[in-house]
Amino acid sequence: MPTLPKISYVLLSHNREKYIRAALESAFAQDYEGELEYIISDDCSTDRTFEIIQECVASYKGGRRVVVTQPACNCRTAANFNHALSFVQSDWVVRADDDDLSAVDRCTVIAKAILQVPDCMYIATCSPFMFTDKEEEQALARSRVPCGNNASIQVIDAGETGIPPIHFSCGKYSYKAWSMKPYRLFGKLPDDGYYADDYIFYWRASVMGKGLALDNAAAVLVRSGSLNQCRGKDDNTNLIQAIIRQELFSQEYQKATISPLSETHAMLARYVQGEAETGRRNNLLAFLSSLERSLGKKSRLSVFWSLAPWERYKINREQGMGIAMAILRACPLRIYAAVLAMYRIIAK
């Protein structure tokens with residue numbers, strides 16, 4: 001029987017004293033029978049998060065290697081990830097957030113996929129289970145039940161098709177595991193890539209080899225309304241203000257990701273032209289062209305709410321919105337938020 005790969009479970013945290021204990025409990029509950037290490041890097045929290053991490057680790061009796069660390073100063077996600085990865089002693093990283101939960105067999109499902117396709121560079125599991133604070137008990141119970149008994153594998157290779165898989169643009173798959181090979185080849189993530197670390201890993205891994213998408217394996221349980229920075233600190237309370245905040249955050253998100261992703265694109269273009277396998281090069285160039293087009297879209301989305309209504313309508317339609325929704329989102333932001341909030345209230 002093939003040897004199970006060694007895996008590093010990397011959990012990044014910042015100011016999550018309310019949720020970090022549950023996140024760690026789901027990490028330490030992993031049923032993985034192979035070699036597993038935990039790297040927990042706290043980005044200089046100002047609340048009790050780091051103290052709680054130390055308490056949880058002190059009471060951990062599992063016998064696996066556990067590293068608890070902090071960077072020299074608050075540096076946000078990408079730089080904190082770089083810091084955490086400096087402690088990794090394996091060839092695979094499973095990335096975890098400080099307010100979410102992992103299914104008990106998350107690492108097991110990922111390892112089984114690696115054994116089936118040993119030359120893969122990244123693995124994505126299917127859409128996560130979403131829950132709120134009020135549903136935490138149900139989520140905790142669900143996390144203790146294996147999720148991967150019926151998992152199936154889809155192999156993705158940009159070097160064969162030249163086309164980014166649609167599910168990565170529409171959110172069907174996420175919460176990836178990464179081979180360390182692209183990181184070790186291309187180096188640290190750009191420090192300003194704090195909203196784009198997963199995309200940077202995905203782009204790098206895609207030019208180096210295959211990816212796997214796992215269906216029927218919701219390995220991550222995602223908490224909503226927890227002020228997660230990647231969801232615009234949406235607290236699920238004041239609907240109109242939350243919608244406005246999310247829309248403005250989305251605009252800033254697009255703006256903040258242009259530079260690190262453009263830098264990554266240029267680096268990968270040099271790699272493909274100079275070092276990529278000849279048989280894959282043309283398809284990889286097509287893949288990079290599609291990424292370049294997505295960067296152009298980001299430029300327009302980064303100023304979306306300052307554009308004229310007809311320009312916003314056009315962008316909405318290009319993104320696949322129906323006519324009614326495209327017209328609504330072309331209205332002034334406050335009108336759009338008020339109508340959408342009213343719809344959500346009625347829909348409940």
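**Figure 1. Isoleucine 7, at 0% relative accessibility, counts as buried.** In this predicted model, local features need a pLDDT of at least 70 and side-chain atom pairs count only at pLDDT 80 or more, whereas totals for chains, interfaces and linings use all residues. Residues are numbered from 1 along each chain as its sequence is written, and side-chain values use heavy atoms, with hydrogens and water left out. Buried denotes a relative accessible area under 20%, exposed denotes over 50%, and partly exposed lies in between (1.4 Å probe, protein chains only). Isoleucine 7 belongs to strand β1; strands (E, at least two residues) and helices (H or I, at least four residues) are DSSP runs numbered from the N terminus. Once its neighbours within four places in sequence are set aside, isoleucine 7 is in contact with Tyr32, Glu35, Leu36, Glu37, Ser90, Trp92, Val94, Cys107 and Ala111, where contact means heavy atoms within 4.5 Å. Valine 88 is 81 residues away from isoleucine 7 in sequence, and the two C-alpha atoms lie 9.0 Å apart in space.

Figure 2. With a relative accessible area of 28%, asparagine 15 is partly exposed. Cysteine 44 is located in the loop that lies between β2 (36–42) and α2 (49–58).

**Figure 3. Strand β6 (residues 120–126) is largely enclosed by the rest of the structure.** Seven of the seven residues of β6 are buried. Strand β10 (residues 210–215) runs parallel to β6 and is joined to it by five bridges; two strands are said to pair if DSSP finds at least two bridges between them. Cysteine 120 has lysine 210 as its bridge partner in β10, and alanine 124 has alanine 213. In a regular strand, side chains alternate between the two faces of the sheet.

**Figure 4. Strand β10 also pairs with strand β8 (residues 152–156).** Five bridges link β8 and β10, and the sense of this pairing is antiparallel, whereas β6 and β10 run parallel. Opposite isoleucine 153 stands leucine 214 of β10. Five of the six residues of β10 are buried, which leaves this strand mostly covered.

Figure 5. Strand β11 (residues 220–223) pairs with β7 in the parallel sense, over three bridges. Within β11, valine 222 is the bridge partner of methionine 130.

**Figure 6. Helix α10 (residues 239–274) contains glutamine 254.** Glutamine 254 is buried, at a relative accessible area of 14%. Its neighbours within four places in sequence aside, glutamine 254 is in contact with Lys298, Leu301 and Ser302. Phenylalanine 249 also has its place in helix α10, and this residue is buried with a relative accessible area of 14%. Alanine 139 is 110 residues from phenylalanine 249 along the chain, and their C-alpha atoms are separated by 28 Å.

**Figure 7. The setting of these views is a protein with 14 helices and eleven strands.** The radius of gyration, taken over C-alpha atoms, is compared here with a globule rule of 2.2 Å times the number of residues to the power 0.38. The protein has a radius of gyration of 21 Å, close to the 20 Å that the rule gives for 348 residues, and it is therefore as compact as a globular protein of that length. Its C-alpha trace spans about 60 × 55 × 45 Å along the principal axes. Buried residues make up 52% of the 348. Of the contacts between residues at least 6 apart in sequence, 78% join residues at least 24 apart. The protein exposes about 16,300 Å², of which carbon and sulfur atoms supply 54%; accessible areas come from the Shrake-Rupley method with a 1.4 Å probe, and for residues only the protein chains shown count as cover. There are 41 positive and 39 negative side chains, and the centres of the two sets lie 4 Å apart. Lys and Arg count as positive and Asp and Glu as negative, while His and the chain ends are not counted; each charge is placed at NZ of Lys, CZ of Arg, CG of Asp or CD of Glu.
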